[in-house]
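Please open the model in your viewer and keep the sequence panel beside it. The stops below are given in the order in which they can be selected.

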Amino acid sequence: MALSIFETLAKELSLTVPQVEKTVALMDEGNTIPFISRYRKEVTGSLDDTQLRKLEERLKYLRNIEARRTEVKNLIAAQEKLTPEIEKAIDNALTITEIDDIYRPFRPKRKTRASVAREKGLEPLAEALMAQAPDYTPSLDELAASLVDAEKGVNTPEEAFAGAMDIIAEDISDNAEYRKGIRALTVAHGVIETKKAKDEPSVYEQYYEHSEPIKKLPSHRVLAINRGEKEEFLKVAITVPTDIVLNYLFSLVVKAEASPAKKYVAAAVTDSYERLIAPSVEREIRNDLFDTASEGAIVLFSDNLQHLLMQAPIKGKTVLGFDPGYAHGCKLAVCDKTGKVLDTAVIYLHRENQAKDIMKRLITRWGVDVVAIGNGTASRESEKFVASLLRDMNVKTKYIIVSESGASVYSASKLAAEEFPEFDVMQRSAVSIARRLQDPLAELVKIDPKAIGVGQYQHDMKPARLDEALSGVVEDCVNRVGVDLNTASHSLLSYISGINAVSAKNIVKYREENGEFESRAEVLKVPRIGAKAYEQCAGFLRVPGSDEVLDNTGVHPESYAAARALLAHFGYTEEDVRAGKLTGLSKQVAKEGTKQLAAALGVGEPTLVDIAAELEKPGRDLRDDFAPPLLSEDVLEMTDLKPGQILSGTVRNVIDFGAFVDIGVHQDGLVHISELSDKFVKHPRDVVSVGDIVRVRVLSVDVAKKRIALSMKTMKNEG
């Protein structure tokens, strides 16, 4: 008996059926994943964002399968051909491909060789051949001769046999079980072969003469091969030992006893596989390989994006954003500790004295703590200039190279034009570079995640699926951190649970017209924010200046009464919360017993634990626990690197075969997966994440090819 959707989900995700049923009910009621994850832990069994996204994704897929099951049953039933056996096979099918295989014989067909043969009345001969009776009466030759009909286009017995074989070939091709078996054999024994499509050098040269078993082909190579084929540098084919597949089909179709029909059936089997099944199965397998590789790449991209967005902000620092350039100069923008633009300027590196005077004035006047230099064109020259200037000034100001991926996309966007109508594109980019150092999350949400540059082959994936996954990552990050209701941009607010783009703009408009929000509850006065939206968003909004101290915590308004009761229970006041005097509250709760205390307060244990943690650190930014970015004082050239040198660096991107690390020389070094650890590494993300600060050893440097090989393995002389 086929499992229900809930049973399937529970089995796949190692959950209980009631747990799945309750969680799906919350989703179907319109609750967002961040809300469910944070404020419905008692219902879900404390499933986190990642688990809930996986459950939602699989739920959608399984519901699509159920919809297809019903559709196919109805289509076959409309032809009055739905038997209990076919219905059972459809119910037991595990994928849409299997369901479509079952439907294949009933699907309306375009004109084929088999359909033409049927129109000519050759089906009785095909049935006689498939019977493969050794003493068929009348003889097969007599039957073929009787079907000769010039008006129908059957001129000879040989043509009758050929048409009958076409019918057999198509019937074999339409058999769901045969196709399933051939697909499995092809995956088990098949090889992907690639050859060059044209005599031109390209990044795909390693695939100009390449073959690899399908079952061993890693995801990143699938995507690389597909792109090479799409760009017409590669020819790609799947090959499989034909005898393996034909022997499988012969064993199922061709009977062992001697029969005059045997040679015809064997020929039809061969034709069916070579002409109909093999090309179709190859397409299906390549589609499956692409889908699997894409999903793996999306998971990796999502993981990289999450770590990038959650990087520690540099708080309380005045930052000078430096967008390097030659012809149009370097655009500068000074942002204060809150991200407000204080000053802008343009300098030209070839006018060195004038450029230094302008930079000195900006640094001195505004007390610049950090210069954030974009890593684009002229970045190397800009770094040398800044490092030299800071040495001459003898100030505490430091600098850092900031990835400007996506900055140009943002600066040319409608959003940037609305935010800085008086700035040109490069000035907006300088502001973005400064702000993404001050608060990566707040600034990067303004940019299409695909433009941020922490994925692999993202342009080859299905756009809708990629957008859905990455939007989910951004949503989870924004809600995990929470936003200040009085300072958050509408871009940031639009990712808050229960708030869409329209209501986010309404919040900003209300703020501009009525002044700062004085409480969380005041957001209910904003158009398009009703009771349901407020329930979803309230816990993720912060109002630091509110008279209600709980408005600056992650405690949901529905739990305010329980939070106050908890304070009273231990003799605390809300002023004690504001003054940060509850640092030991979680330990007190644990000591007394969370189960008994939760029951007394009328909340679940997970909610009680969360309330206590929030009361201990009101206004806490969980990103403060992460390692801050590395700031530099002097420039390092690629030619300065020597094998064996030990350096600190920042992980910029994690891919299937390793990680790229910024060690401050304008060229990220690669730590190959084999050099990530002394132990076996299944996937790089098991060891490193984007934003990690790591110690690396230089293995080799190729200045001409701009390649740096690094290692994170322990050296023999290290402890």
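Begin by selecting residues 669–672, which form strand β13, together with residues 707–711, which form strand β15: these two strands pair in the parallel sense over two bridges. Strands here are DSSP runs of E of at least two residues, and helices are runs of H or I of at least four residues, both numbered from the N terminus; two strands are said to pair if DSSP finds at least two bridges between them. Within this pairing, L670 has A709 of β15 as its bridge partner.

Before moving on, note that this is a predicted model, in which local features need pLDDT of at least 70 and side-chain atom pairs count only at pLDDT 80 or more, while totals for chains, interfaces and linings use all residues. Residues are numbered from 1 along each chain as its sequence is written, and side-chain values use heavy atoms, with hydrogens and water left out.

At one end of the selection, D702 stands opposite R707 in β15. The two strands β14 and β15 form a hairpin with four residues between them, and K706, in the turn, has a positive phi of about 55 degrees.

Next, go to the open sheet of three strands, whose order is β2-β1-β3 and whose pairing is antiparallel. Its edge strands, each pairing on one side only, are β2 (209–213) and β3 (234–239). Neighbouring strands of this sheet are turned by 15 degrees against each other on average, direction ignored, where axes are lines fitted to C-alpha atoms, for helices over the stretch in contact, and angles run from 0 to 180 degrees between N-to-C directions.

Now select residues 191–196, strand β1, which pairs with β3 in the antiparallel sense over six bridges; there, I192 has I238 of β3 as its bridge partner.

Finally, colour the cysteines: the structure holds zero disulfides, a disulfide being a pair of cysteine sulfur atoms within 2.5 Å. For C330, which is in no disulfide, the nearest cysteine sulfur is that of C335, 17 Å away. C330 is buried, with a relative accessible area of 0%, where buried means under 20%, exposed over 50%, and partly exposed in between (1.4 Å probe, protein chains only). C477 is likewise in no disulfide, the nearest cysteine sulfur being that of C537, 19 Å away, and C477 is buried, with a relative accessible area of 0%.
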